[in-house]
Amino acid sequence: MDYPQDLRYSTEHEWVRVEGGRATVGITAFAQDALGDVVYVQLPDVGALVTAGASVSEVESTKSVSEIFAPVSGEIVSVNGTLEDAPELLNSDPYGTGWILTVEMSDTGELAALMDAAGYRTLVES
Amino acid sequence: MGSVAGPTVWRLFDDLDTPRTAAGQMGADLALLDEVAAGGLPALRLYRWAPPALSLGRFQADADVDVDACTRLGVEVVRRPTGGRALLHGGDLTYAVAMPLPDHAPSVDARYRMLAAGLIAGLAALGVEAEVASHAGPAGPVCFTAQRGADLRVGGRKLCGSAQVQRGPALLQHGSILLRRLAFDETDLVRHESPAARAEARSRLGSATVTLAELGAPTDPREVADALVEGFVRAVGVRMTSAPCDGATCAGAGIEVETSPAGATADR
């Protein structure tokens, strides 16, 4: 299983890539594997305000519908529209082209509550 | 996508004779999911649909539905909280399980397998040898023409289709066991490009599915429901109690349950 070193991770199996005050969010390789083939991603509205830990999106796989939780609080400044036609990117490239949304963080201090790669690895492999 | 350890006592809601609209049925399932997500005991609910209803997957396009046909045939249309495609209810028995995400079954597949064990055990008691389906079948607007790991089949034909939704620390899985066919099927209720496409879909649906009646198995809903309950008890290792959930919560969700004094619950 892949755990990129430059990302932060939530206990709900989302990843965060921080660039300045912005956080790009997706689901981990573990999450996509557990879900199975993703067939639909419900994208939130750009401009919506999200709170860390709150549901922000839903993903449908061939077997289940699952919530995606915001790992940080802030305003959604972009969503990955490519997923509307190619939801399978969550499976094939979860840390790259399968990103889901970008948040302008309102409190970068929340990043401290997320895990580093080693911590997340311990979570999913323990 | 969290997970917590689940207790082994399940609340049993026998709703075979509880009249509800299609929307009411989905509301009752969701209420159980919300209760479990809030820390309530797991639950198994068994119910039927009258009048018949066409349930759509969580994100299925409304345009798939032939609204005029549904109206003409007296079929309610409702959207499920779970994924998948259109499914006709009326000739089926539906089960719903709401439970915490099990630690020992981290993937969706593993959770399906865990609950499939209960369904398979229950069907075996009816003389039906069902197995978990592998992924196969074309994608389309009708649930029962596709076979997935969530489904149970007999002799390669689908007998039971199931779907899941996860909310926070809990999951809802509900599914439909085909007792007998109605005078019409899903292909009469969803849109097709042409009469020929509809005929082909109908043929495919017929050959891809099987009912308990066609298998010569019992079709009495009560008998099937009892077998499923026993299947979950034996194969999943749970204990059923008819103890109601919190009265206020259930009343608010439209679930009618008899309240009983503490210690007077009927275990099975």
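Author: What follows is a set of questions and answers on a predicted model.

Reader: What makes up chain A, and in which pattern?

Author: Chain A has 3 helices and 9 strands. Along the sequence the pattern reads β-β-β-α-β-β-β-β-β-α-β-α.

Reader: What share of the contacts in chain A join residues at least 24 apart?

Author: The share is 63%, counted among contacts between residues at least 6 apart in sequence.

Reader: Why is His13(A) called buried?

Author: The cut-off is 20 or more other C-beta atoms within 10 Å. His13(A) has 23 such neighbours, so it counts as buried. His13(A) sits in the loop between strand 1 (8–9) and strand 2 (14–19) of chain A. Its phi is positive, about 75°, although His13(A) is not a glycine.

Reader: What makes strand 1 and strand 2 of chain A a pair?

Author: Pairing needs at least two bridges. Strand 1 and strand 2 of chain A have 2 bridges, and they run antiparallel. Tyr9(A) stands opposite Trp15(A) in strand 2 of chain A.

Reader: How many bridges join strand 2 of chain A to strand 3 of chain A, and what lies between the two strands?

Author: There are 6 bridges between strand 2 and strand 3 (residues 22–27) of chain A, and the strands run antiparallel. Glu19(A) has Arg22(A) as its bridge partner in strand 3 of chain A. The two strands form a hairpin with 2 residues between them. In the turn, Gly20(A) has a positive phi of about 65°.

Reader: Which strand does strand 3 of chain A pair with over 4 bridges?

Author: That is strand 9 (residues 101–105) of chain A, in the antiparallel sense. Val25(A) stands opposite Leu101(A) there.

Reader: Why are strand 1 and strand 5 of chain A called edges?

Author: Look at the order of the sheet. It is an open sheet of 6 strands, 1-2-3-9-8-5, with antiparallel pairing. Strand 1 and strand 5 (49–50) of chain A each have a single partner strand, so one side of each has no neighbour in the sheet.

Reader: What holds paired strands together in general?

Author: Strands of a sheet pair through backbone hydrogen bonds, either parallel or antiparallel.

Reader: Which strands form the open sheet of 3 strands in chain B?

Author: The order is 4-3-5, and the pairing is mixed. Strand 4 (76–79) and strand 5 (87–89) of chain B are the edge strands, since each pairs on one side only. The twist averages 25° from one strand to the next. Strand 3 and strand 5 of chain B pair antiparallel over 3 bridges. Ser55(B) has Leu87(B) as its bridge partner in strand 5 of chain B. Helix 1 (residues 22–37) of chain B lies across strand 3 and strand 4 of chain B, at about 25° to strand 4.

Reader: What joins Ala50(B) and Pro51(B)?

Author: A cis peptide bond, with omega about 0°. Pro51(B) lies in the loop between strand 2 (43–47) and strand 3 (53–56) of chain B.

Reader: How do you know what helix 5 of chain B should span?

Author: Take 1.5 Å times one less than the number of residues. With 16 residues, helix 5 (residues 221–236) of chain B should span 22 Å. The end C-alpha atoms are 21 Å apart, which agrees. Its buried residues include Val224(B), Leu228(B) and Phe232(B). Among the elements covering its buried residues are helix 3 and strand 6 (92–100) of chain B. Just after the helix, Gly237(B) takes a positive phi of about 75°.

Reader: How many residues of chain B are in contact with chain A?

Author: The number is 19, in contact with 17 residues of chain A. Strand 9 (157–167) and helix 3 (108–125) of chain B each give two or more residues to that side. Strand 9 of chain B gives the most, with 4. By class, this side of chain B has 8 nonpolar, 7 polar and 4 charged residues.

Reader: In which sense do strand 7 of chain A and strand 9 of chain B pair?

Author: Strand 7 (residues 64–69) of chain A and strand 9 of chain B pair in the parallel sense, over 3 bridges. Ser66(A) stands opposite Gln166(B).

Technical notes. Residues are numbered from 1 along each chain as its sequence is written. Chains are lettered from A and ligands numbered from 1 in the order in which they are written. This is a predicted model: local features need pLDDT of at least 70, side-chain atom pairs count only at pLDDT 80 or more; totals for chains, interfaces and linings use all residues. Two residues are in contact if their C-beta atoms, placed from the backbone, lie within 7 Å. Ala, Val, Leu, Ile, Met, Phe, Trp, Tyr, Cys and Pro count as nonpolar, Asp, Glu, Lys and Arg as charged, and the others, Gly among them, as polar. A residue is buried if 20 or more other C-beta atoms lie within 10 Å of its own, exposed if 12 or fewer, and partly exposed in between; C-beta atoms are placed from the backbone. Axes are lines fitted to C-alpha atoms, for helices over the stretch in contact, and angles run from 0 to 180 degrees between N-to-C directions.
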